[in-house]
Structures are given as C-alpha cells and as structure tokens.
Amino acid sequence: MDALAPDLLTILIAPHKVLKARARAVTPADAEAVRALIPRMFATMYQAPGIGLAAPQVNVSLRVAVVDLMADEKPAPIVLVNPEIVAASPELATREEGCLSLPGQYADVTRPARVVVRFHDQLGARHEITAEGLLSACIQHEIDHLDGVLFVDHISALKRNMIMRRLAKEQRQQREDAAKR
Ligand code: NI
C-alpha cells in the first residue's frame with residue numbers, strides 16, 4: 001500500500017440503521033471534516049470498486065456523495081455536497097443497479113431518464129448539471145442514500161425480500177468461511 005494513500009473506510013452492509021436514516025445537510029462548520037472525508041471516500045470507492053459512494057455508506061450521516069463513472073477508464077471524479085434534484089424528465093429509464101452496501105445483488109430500477117442536479121463541491125463552489133444515462137441513474141441512486149433509500153426500495157417487496165435474504169445468507173457464509181481460515 002502507498003503510504004500516502006488515504007485510509008480506506010469500512011462500507012456498511014444492509015440492513016443497517018444508518019443506511020435507513022436521512023442524512024443532515026453539510027454546514028460551513030463541517031467544511032474541515034468533509035474535506036478530510038472526501039479523499040477517503042474516493043479511495044474506498046475506487047478500491048471496492050464502485051462508481052458512486054454516499055457518506056451514510058461509510059457511517060457518516062451527512063449529505064455528501066462521490067461519483068466517478070470512469071468512462072474510457074479515465075477518472076472523472078464528481079463531489080456532491082448537499083445535492084438536490086431540481087428537475088426530472090417525465091421520461092423514465094430502466095437500468096440494472098447494484099450497490100456497495102448490497103454486494104453481489106442487482107435489480108432493474110426505473111427512474112427519471114434525465115435530472116437537473118444542483119450541488120456544491122468540496123470547496124463550496126456551486127454547480128448545476130443536467131445528467132442523463134448512467135450518470136443520471138448513479139446520481140439519483142447516491143442522493144437516495146442521503147434520504148435513507150436503497151435501490152431495493154424501488155422494486156417490489158417480493159424481489160426486495162428475495163435480495164435481502166440472499167444478501168444475509170451470503171454475508172453469513174462469508175463470515176463462516178473467514179472464521180475457518
Ligand atoms: Ni448504493
């Protein structure tokens with residue numbers, strides 16, 4: 001490991017009460033903590049690997065998320081502080097989603113195809129972007145995390161229960177395998 005690399009954070013696995021809680025808005029008093037948190041969140045996300053990570057997933061109940069689709073294998077990091085969806089297209093789009101807090105689990109989720117998102121970055125600068133395609137789904141998924149919503153909350157109870165049971169079983173199996181080693 002690179003001695004200068006940020007320390008990795010532990011990703012919470014569902015079900016966990018922090019994952020179900022609404023995170024609070026970042027205030028100027030949080031600036032230093034958020035500046036320290038963001039490099040660790042990126043390092044944790046890249047290591048996983050994933051394309052998005054919200055602060056509640058690392059047990060920090062603040063409205064912060066990081067996203068990097070790594071299109072063409074090139075980093076394109078986006079920091080979302082206090083993000084807000086200010087407009088959503090009436091057209092919907094369905095994609096398969098996964099989540100680092102539900103490792104190995106996937107389901108088709110339908111969301112608005114395009115969204116306009118306002119947010120601040122880690123330096124406090126304001127941004128407004130129109131996202132479509134994978135970026136739109138990813139940002140909506142991360143903002144959901146800030147509201148205590150997981151991708152499985154968008155699918156039928158039947159499918160959700162199946163996924164949660166499978167996840168619990170796989171996690172138990174992993175713990176048992178780890179104990180044997
Ligand atoms: Ni997620």
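Predicted model: local features only at pLDDT ≥ 70, side-chain atom pairs only at ≥ 80, totals over all residues.
Residues are numbered from 1 along each chain as its sequence is written, and side-chain values rest on heavy atoms, with hydrogens and water left out.

The nickel ion is held by Cys99 (SG), His141 (NE2) and His145 (NE2), at 2.1 to 2.3 Å; donors here are N, O and S atoms within 2.8 Å of the metal (3.2 Å for Na, K and Ca), and since water is not among the atoms, sites may look incomplete. Along the sequence, the spacing of these donor residues reads C-x41-H-x3-H. Helices (H or I, at least four residues) and strands (E, at least two) are DSSP runs, numbered from the N terminus.

Next comes the largest pocket, with about 380 Å³ of space. Of its 22 lining residues, the closest to the centre are Ile51, Glu97, Gly98, Cys99 and His141. S4 and H3 are the elements that give two or more residues to this lining, and H3 gives the most, with 6 residues. A pocket is an open set of points on a 1 Å grid over the protein atoms alone, where a 1.4 Å probe fits, with protein on both sides within 12 Å along at least five of seven lines; lining residues have an atom within 4 Å of a point. The volume is the space filled by probe spheres set on the points, which are joined across faces, edges and corners.

Helix H2 (residues 31-47) carries Phe42 and Tyr46, 4 residues apart and so separated by about one helical turn. The count of aromatic pairs is 1: the ring centres of Phe42 and Tyr46 are 5.8 Å apart and the planes at 20°, so the pair is stacked (centres within 6.5 Å, planes under 30 degrees apart; over 60 is edge-to-face and the rest tilted). Phe42 counts as buried at 10% relative accessibility, whereas Tyr46, at 34%, is partly exposed. Other buried residues of H2 include Val34, Leu37 and Met41.

Conventions
Phe/Tyr/Trp six-rings, centres within 6.5 Å; stacked < 30°, edge-to-face > 60°. Buried < 20%, exposed > 50% of the residue type's maximum accessible area, 1.4 Å probe, protein only.
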